[in-house]
Amino acid sequence: MAYRTLGALRTTLLARLGMGGMGASGGANIPLMNSLLTNGQAQLYRTCDWRHLIDYEDKATGVTQNQYDYPTPCDRDRRVLKVESQVSGQFVQLREGITSAMWSTMDTQGAPQRYERFAQILMYPKADAVYTFRVWYVRDLYPFEDDDDQATLDDEMILLHAVTNGKAHYRQPDAKLYEGQLNTLLASLRGQSFGSNGVYQRTNNAPIEQRPVVVDRDD
């Protein structure tokens with residue numbers, strides 16, 4: 001689905017705020033209008049794990065390696081939903097969180113069992129062979145700074161968010177009306193679940209962990 005551009009949304013926003021006579025450029029209001037739209041999309045992006053932005057990338061472990069780059073499409077915000085490892089041809093979900101005891105045996109080698117999200121994805125234990133693991137993520141927003149940049153999220157939702165904040169900024173009398181509409185929309189989004197309304201719901205399910213092989217540090 002192609003959403004409207006920043007320039008097109010700004011034109012509509014100006015009209016909704018009673019400034020349509022300024023034309024598409026918006027005159028001196030360009031920075032504020034753009035900010036209302038771009039900031040609105042950024043805030044809405046954080047309210048849900050938007051299903052149309054969810055994807056995965058398969059990676060391969062390196063022997064004795066335990067740090068891996070994030071998938072490029074989510075390298076900025078690093079919204080990883082889950083990590084899975086392939087075992088006997090099937091993917092099983094890894095548990096997030098490396099315990100203190102595991103940190104004390106970080107040179108342990110074996111199949112992937114745990115992970116943490118730091119500057120890179122840290123896996124435990126260090127791989128003793130080449131394994132395939134799958135990273136599920138919410139991709140970053142597309143650029144939304146130039147007039148021709150298209151919105152990543154539903155443009156009507158972004159516009160409602162911007163109109164609400166714009167009317168509050170200019171103290172227009174119907175600001176509360178739009179605020180109510182926005183709050184109703186956001187409450188509905190928070191109540192949605194994966195498979196019925198188009199957002200992804202995170203889970204904490206994890207497979208039974210296998211005991212990794214402890215390698216002699218002097219070897």
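This report describes the helices, sheet, cores and ring contacts of a predicted model.

## Basis of the model

Residues are numbered from 1 along each chain as its sequence is written, and side-chain values use heavy atoms, with hydrogens and water left out. Because the model is predicted, local features need pLDDT of at least 70 and side-chain atom pairs count only at pLDDT 80 or more, while totals for chains, interfaces and linings use all residues.

## Overall make-up

The chain has 5 helices and 12 strands. Helices (H or I, at least four residues) and strands (E, at least two) are DSSP runs, numbered from the N terminus. Of the 219 residues of the chain, 43% count as buried. Buried means under 20% relative accessible area, exposed over 50%, and partly exposed in between, with a 1.4 Å probe and protein chains only.

Contact means heavy atoms within 4.5 Å. Among contacts between residues at least 6 apart in sequence, 68% join residues at least 24 apart.

Helix α1 spans residues 6-16, and its buried residues are Leu6, Gly7, Leu9, Arg10, Leu13 and Leu14. Seen down the axis of α1, these residues fall within an arc of 160 degrees, so they line one face of the helix. The arc is that of the directions from the helix axis to the C-beta atoms. The cover over the buried residues of α1 includes α2 (30-45) and α4 (155-169). Just after α1, Gly18 takes a positive phi of about 80 degrees.

The largest nonpolar core has 32 residues, and those with the most contacts inside it are Leu13, Leu37, Tyr45, Trp50 and Leu153. A nonpolar core is a set of buried Ala, Val, Leu, Ile, Met, Phe, Trp, Tyr and Cys residues joined through side-chain atoms within 4.5 Å. The elements that give two or more residues to this core are α1, α2, α4 and α5 (175-191); the largest share, 6 residues, comes from α4. Leaving aside neighbours within four places in sequence, Tyr45 is in contact with Trp50, Leu53, Asp77, Arg79, Val138, Arg139, Asp140, Leu141 and Leu153. Apart from this core lies another, of 14 residues, among them Leu94, Tyr115, Ile121 and Met123.

## The four-stranded sheet

Strands of a sheet pair through backbone hydrogen bonds, either parallel or antiparallel. Here, 4 strands form an open sheet in the order β3-β9-β8-β6, with mixed pairing. Two strands pair if DSSP finds at least two bridges between them. The edge strands are β3 and β6 (95-96), each of which pairs on one side only.

β3 and β9 pair in the antiparallel sense over 2 bridges, and the bridge partner of Gln67 in β9 is Leu122. β8 and β9 are also antiparallel, over 4 bridges, with Arg117 opposite Ile121 in β9. A hairpin joins β8 to β9 through 3 residues. From β9, Ile121 and Met123 point one way and Leu122 and Tyr124 the other way, and all are buried.

## Aromatic pairs

A search of the whole structure finds 3 aromatic pairs. Rings of Phe, Tyr and Trp (its six-membered ring) pair if their centres lie within 6.5 Å; planes under 30 degrees apart count as stacked, over 60 as edge-to-face and the rest as tilted. The rings of Tyr68 and Phe133 have their centres 5.0 Å apart and their planes at 65 degrees, so this pair is edge-to-face. Tyr68 lies in strand β3 (residues 67-68) and Phe133 in strand β11 (residues 132-138), 65 residues apart. Both Tyr68 and Phe133 are buried.

Trp103 and Phe118 form a tilted pair, 6.3 Å centre to centre with 45 degrees between the planes. Trp103 lies in helix α3 (residues 100-103) and Phe118 in the loop between β8 (114-117) and β9 (121-124), so the pair ties together parts that are 15 residues apart in sequence. Trp103 is partly exposed, with a relative accessible area of 43%, and Phe118 counts as partly exposed at 41%.

## Charges over rings

A charge sits over a ring if NZ of Lys or CZ of Arg is within 6 Å of the ring centre and within 35 degrees of the ring normal. The charged end of Lys82 sits over the ring of Trp136, 5.4 Å from its centre. The charged end of Arg134 sits over the ring of Phe91, 4.0 Å from its centre.
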